Amino acid sequence: MAKKVITFGEIMLRLAPEGYYRFVQADSFGATYGGGEANVAVSLANYGFDAKFVTKLPTHEIGQAAVNSLRKYGVDTSYIARGGSRVGIYFLEKGASQRPSKVIYDRAGSSIATASPEDFDWKTIFDGADWFHFTGITPALNDQVAGICLDACKAAKEAGLTISCDLNYRNKLWSKEKAGQVMGKLCEYVDVCIANEEDAADVFGIKAAGTDVTAGAVNHEGYKDVARQLAERFGFSRVAITLRESLSANDNNWSAMLYDGTGYYFSKKYKMHIVDRVGGGDSFGGGLICASLNNYEPQAAIEFAVAASCLKHTIEGDMNMVSMDEVLRLAGGDGSGRVQR
């Protein structure tokens, strides 16, 4: 029987101009759906897990379209609460060369943002589950949703699940001070912490020496210390940190590090030409959860997660449309991009 993973968060309607058009140029916007924890659920469903996504969505057609966007990839939506009046929206302008991508949120008053604790029966939701995943985006919505996240973490811990959290700091949603306070409480329940090269500094003030992300300079030794400090402060069994060297909006170097309390494991580095970077961190999280549930050794786990995320950067939309075999092929060294016949 496939292992069961529960993810909890907000799925949003993404509206984006075609190609590299700027917002002010656009006469039309392409519509897709995505969100941190929803993207992770899709990755895991693609890898053959019993992935269940929990949120709250309206009963109208746009809410149903969001549900359908998950169902078509095999995600179980049976625990999605229905109600409220709107689906959150984000607008994406894709960057190019030295012009960065831009995101504008229109998510105030979304169904999940107005959810109540009574919408979610966590004991039932976690029955028979193996893993629970959430991100720092969800508690950033407001204090009520942060409280629901805390309820979920307590229930997951009581039920014996492994809990993972991607810190995912968003400065358009809350301040660093507020993030540190709220995430500090939630991380007391977390087993596996996932972060990017900036999250630990933004949320907890733990900075990597010798790193300048705006210049694309990432110091591996500095991130060993960041991972160790995170693990010591919160008791994480594993800390995974993605290391993005941003050369331009189109070209990045991509790697990651995994710390398991005894050793530090660095992945190979990929030189990526980016098609769509949104969801890159989520695909890494999905890959790491997959590798962990399959009992991969630490080096193999971080190689799988980074390869999965590297492939996501080649795919339009938020979600990672790749199979286990495709990820294993890249992780094993086949990155030529040659036609598969």
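**View 1. Serine 283 and its neighbours.** Serine 283 touches Ser43, Ala305, Ala308, Ser309, Lys312 and Asn320, leaving aside residues up to four places away in sequence. Contact here means heavy atoms within 4.5 Å. This is a predicted model: local features need pLDDT of at least 70, side-chain atom pairs count only at pLDDT 80 or more, and totals for chains, interfaces and linings use all residues. Residues are numbered from 1 along each chain as its sequence is written, and side-chain values use heavy atoms, without hydrogens and water. Serine 283 lies in helix 8 (residues 280-293). Helices (H or I, at least four residues) and strands (E, at least two) are DSSP runs, numbered from the N terminus. Serine 283 counts as buried because its relative accessibility is 1%. Buried means under 20% relative accessible area, exposed over 50%, and partly exposed in between (1.4 Å probe, protein chains only).

**View 2**

View 3. In strand 15 (residues 270-273), side chains alternate. Tyr270 and Met272 point to one face and are buried. Strand 13 (residues 251-259) runs antiparallel to strand 15, and four bridges join them. Two strands pair if DSSP finds at least two bridges between them. Aspartate 251 stands opposite histidine 273 of strand 15.

**View 4. Helix 9 against helix 10.** Helix 9 (residues 298-312) packs on helix 10 (residues 324-331) at about 110°, with the axes 8 Å apart. Helix 9 is therefore roughly perpendicular to helix 10, a term for angles of 65 to 115 degrees. Axes are lines fitted to C-alpha atoms, for helices over the stretch in contact, and angles run from 0 to 180 degrees between N-to-C directions. Helix 9 contributes residues including Phe304, Ala308 and Leu311 to the contact. Helix 10 contributes residues including Met324, Val327 and Leu330.

**View 5. Serine 78 in its loop.** Serine 78 sits in the loop between helix 2 and strand 6. Serine 78 counts as exposed because its relative accessibility is 51%. A polar contact of 2.6 Å joins its side chain to that of aspartate 76.

Methods. Parallel < 35°, antiparallel > 145°, perpendicular 65-115°, else oblique. Polar contact = N/O pair within 3.5 Å; in protein donor to acceptor, adjacent residues only side chain to side chain.
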